[in-house]
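I opened a new protein today and kept notes as I went. Here is what I looked up, entry by entry.

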Amino acid sequence: MSSCDDETGMFPPAAPPPKRRRQGGAEEVVLQRVHVIFLLDNSGSMELENRISHAFDAVKLFFDALLGMSDVVCSLATFDDTYRVCFRMRNVNGNLRALLEEARQSTVPRGTGRYLQALEALQSLVSPGLNIGILLSDGEPTEMIWEHRDPSCIESVIRRLRERFGNMCILHTVGFGDFNATCLQNLAIVGGGTFHNSSAIDGGKL
């Protein structure tokens, strides 16, 4: 397990505490929704060692951990040289597993893994309430390994999101395979979340 792995869970034990507002002299309780946004690397290298299947298995494990939580919705986007939203803001119930299986069957690893595309997907999916992004990937982004760009070009995007939404937008990262996880670790730090090695993911940790 990487030294950046954290024993704290990725999800809150319950929905954020409700906000209270006054309307016409009466106090009204406003529940805050939790939106979990999965960003799954669909690049060609995810075909190695069946990583794409392991990533979908991990998302299913996340779903199982979320079942029974109120005011929680989920979205899933895959990314390679572009991004594709598979489903958006769906309630956490048995139907979510069927949607995940549809996404699994229609996903074929291809192209390269651009983290800027993953973060563009995140920006397009952010909604009112608490947004928890989870980026699942098997390596360093194309922007760094092929284009030799500085990591700051990626980190600056999540920084701007954090400046705009504060702790209502968090990014965790999960790594698959044997690779230099520095980028994923740093991205999680900037995103206010934690990095996790896929081999250490289990239901009790979530």
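I started with N50, which is partly exposed, with a relative accessible area of 41%. The cut-offs, worked out with a 1.4 Å probe on protein chains only, are under 20% relative accessible area for buried, over 50% for exposed, and partly exposed in between. N50 sits in the loop between β3 and α1. Its phi is near 60°, a positive value in a residue other than glycine.

I then noted what I was looking at: this is a predicted model, where local features need pLDDT of at least 70 and side-chain atom pairs count only at pLDDT 80 or more, while totals for chains, interfaces and linings use all residues. Residues are numbered from 1 along each chain as its sequence is written, and side-chain values use heavy atoms, with hydrogens and water left out.

D71 was my next stop, and I found it in the loop between α1 and β4. D71 is partly exposed too, with a relative accessible area of 33%. Phi of D71 is near 55°, again positive in a residue other than glycine.

**The whole chain**

I stepped back to see the overall layout. The chain has 6 helices and 8 strands. Helices (H or I, at least four residues) and strands (E, at least two) are DSSP runs, numbered from the N terminus. Along the sequence I read off the pattern β-β-β-α-β-β-α-α-β-α-α-β-α-β. Of the 206 residues, 48% count as buried.

I also looked up contacts, meaning heavy atoms within 4.5 Å. Among contacts between residues at least 6 apart in sequence, 71% join residues at least 24 apart.

**Helix α1**

How many residues does α1 have? I got 16, with 23 Å from the first C-alpha to the last, close to the 22 Å expected at 1.5 Å a residue. The expected span is 1.5 Å times one less than the number of residues. The buried residues of α1 include R51, I52, F56, F62 and L66. What covers the buried residues of α1 includes β3, β4, β5, α2, β6 and β7. After α1 comes G68, whose phi is positive, near 95°.

I zoomed in on R51, which lies in α1. R51 is buried, with a relative accessible area of 12%. The side chains of R51 and D138 are joined by a polar contact of 2.9 Å. A polar contact is a pair of N or O atoms within 3.5 Å; within protein, one must be able to donate a hydrogen and the other to accept it, and residues adjacent in sequence count only if both atoms are side-chain atoms. Leaving aside neighbours within four places in sequence, R51 is in contact with S45, M46, D138, F176 and G177.

Buried or exposed, I wondered about S43? S43 is buried, with a relative accessible area of 3%. I found S43 in the loop between β3 and α1. Its side chain makes a polar contact of 2.8 Å with the side chain of D41. S43 and P109 are 66 residues apart along the chain, but their C-alpha atoms are separated by 5.1 Å. Not counting residues up to four places away in sequence, S43 touches F79, D80, P109, R110, G111, T112, G113 and D138.

D80 is in the loop between β4 and β5. D80 is buried as well, at a relative accessible area of 5%. The side chain of D80 makes a polar contact of 3.0 Å with the side chain of N42. Beyond four places in sequence, the residues D80 touches include N42, S43, R110 and Q117.

**Helix α5**

I ran the length check again on α5 (residues 152–165): its 14 residues should span 20 Å at 1.5 Å a residue, and the end C-alpha atoms are 19 Å apart, which agrees. Its buried residues are C153, I154, E155, V157, I158 and L161. They pack against α3, α4, β7 and α6. I noted that an α-helix has 3.6 residues a turn, so residues three or four places apart point the same way. Following α5 is G166, whose phi is positive, near 60°.
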